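Morning, everyone. Let me put the structure up.

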Amino acid sequence: MSIFSKILSALKGSAREIGESVVDANATRIYEQEIHESKAALARAKQDLTLVMAQEKAAEREIERLGKEILRFEDHALAALDKAEESLAGDVATRIAELEAERDAQQRARADFAQHIASLKDLIRQAEARVREHERELAVAKTTESVYRATESISQSMGSGASKLGSARESLERIKERHTLTADRMKAAEELDAEFGTKALEKKLAAAGIGGDANRKEAVLARLKAQRDADRAASDEQQ
Amino acid sequence: MDAALQQRIAEAGRRLAGQLGAFEVARIPGEVVVFKVEISGREELPIFITQADSQILCICYLWTERDVAPSRRTALLEAMLDLNIAIPLSSFGRIGDKYLIYGALACEAGADDLAQDLLALSDNAVDALEAMAEYLH
């Protein structure tokens, strides 16, 4: 059963209270112990592996050495035969036979080592996969438990649990309202700034005698006077 | 470690102040270390930050089972599932009877990562609440 299935069935289990341990504390401890043991076994297996690999290398070197030794004695045996030293050649042949037997033994040992290495590597791969799987399961279990306990703390700090989360719709309304309010306020502030900004400037301009309003009185008077003068001139002409 | 996390959250808050508004961080009493982040203007949607095993979880509770209109419950769940992958940096979830949206970060995440996640999460929470309102009472 995968860890996800285990968590799901734990969560679905009989009306459980949030905060109650989602994962059996005892099971968690067993898991942690298993991980610890698997890691120790892994370390041992890796140490064994290096030892066996060293032995394999040593066997290989020995096979090579014996091979050269055999070739050397074969040369000697041939030389003895050339000199018709039958008895000496026989002695050398005996030595060669011994060396060959020794080489065969080393070759068998090397094959055994190779097989041992392969099975150790298999073991290590399996142990590593097991550790990874246990660690992952533990992480999922611990995370689940942790978020449930955190939620319990959060609920308690909010008051009477879930009810204090408030109605979702009301929350949304309040956030929206506040958002609109802020937006309205910002708009009002902009308008205000624009209005007061312009008026203040116009006042300053007028005070300095600049702009349309500055000489309005004089302009009106001049216009009226000009109109009166024009009216008089017209009536003078008629008379 | 807890103090370091609180410091990172506060630093993330300073970086976000311009975009999100004032940021208040407080530790919640309880056996598990949980920090509550309240964002000015979004007080209804506080974000809770807790370290769970190998990750930092930033959680924002959205609504409870009681808020869900029973006749639209399946449609709500489907909508959440459909939307889940499109939501930037956050995912929907549920703890007990509480529906939530959350972001997960590696334990060594810095203030910048936190700031990015919190900004996305807060925006996502408001959007999610608005989008899902039609399935709620």
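I'll go through a few salt bridges, one pair at a time.

Keep in mind that this is a predicted model. How many salt bridges does a search of the whole structure find? The count is 23, over all chains.

Start inside chain A. Arg72(A) pairs with Glu69(A), and their closest N and O atoms are 3.2 Å apart. Both sit in helix H2 of chain A, residues 25-82. They are three residues apart there, so about one helical turn separates them. Arg72(A) has a relative accessible area of 39%, which makes it partly exposed.

Now chain B. Glu65(B) and Arg94(B) form a salt bridge, with 3.5 Å between the closest N and O atoms. This pair links distant parts of the chain, 29 residues apart. Glu65(B) lies in the loop between strand E4 (55-64) and helix H2 (73-84) of chain B, while Arg94(B) is in strand E5, residues 91-95. Glu65(B) is partly exposed at 25% relative accessible area. Arg94(B) is also partly exposed, at 47%.

Next, a pair between chains. The side chains of Glu44(B) and Arg174(A) meet in a salt bridge, 2.7 Å from N to O. Glu44(B) comes from the loop between strands E2 (34-39) and E3 (47-52) of chain B. Arg174(A) comes from helix H4 of chain A, residues 168-207. Is Glu44(B) buried or exposed? Buried, because its relative accessibility of 15% falls under the 20% cut-off. Arg174(A), at 37%, is partly exposed.

Last point. Which residues join Arg174(A) and Glu44(B) in one network? Arg178(A) and Glu43(B), through salt bridges that share partners.

Definitions and conventions. Residues numbered from 1 in each chain as written. Chains lettered and ligands numbered in written order. Predicted model: local features only at pLDDT ≥ 70, side-chain atom pairs only at ≥ 80, totals over all residues. Heavy atoms only, no water. Salt bridge = Lys/Arg side-chain N within 4 Å of Asp/Glu carboxyl O. Helix = DSSP H or I, 4+ residues; strand = E, 2+ residues; numbered from the N terminus. Buried < 20%, exposed > 50% of the residue type's maximum accessible area, 1.4 Å probe, protein only.
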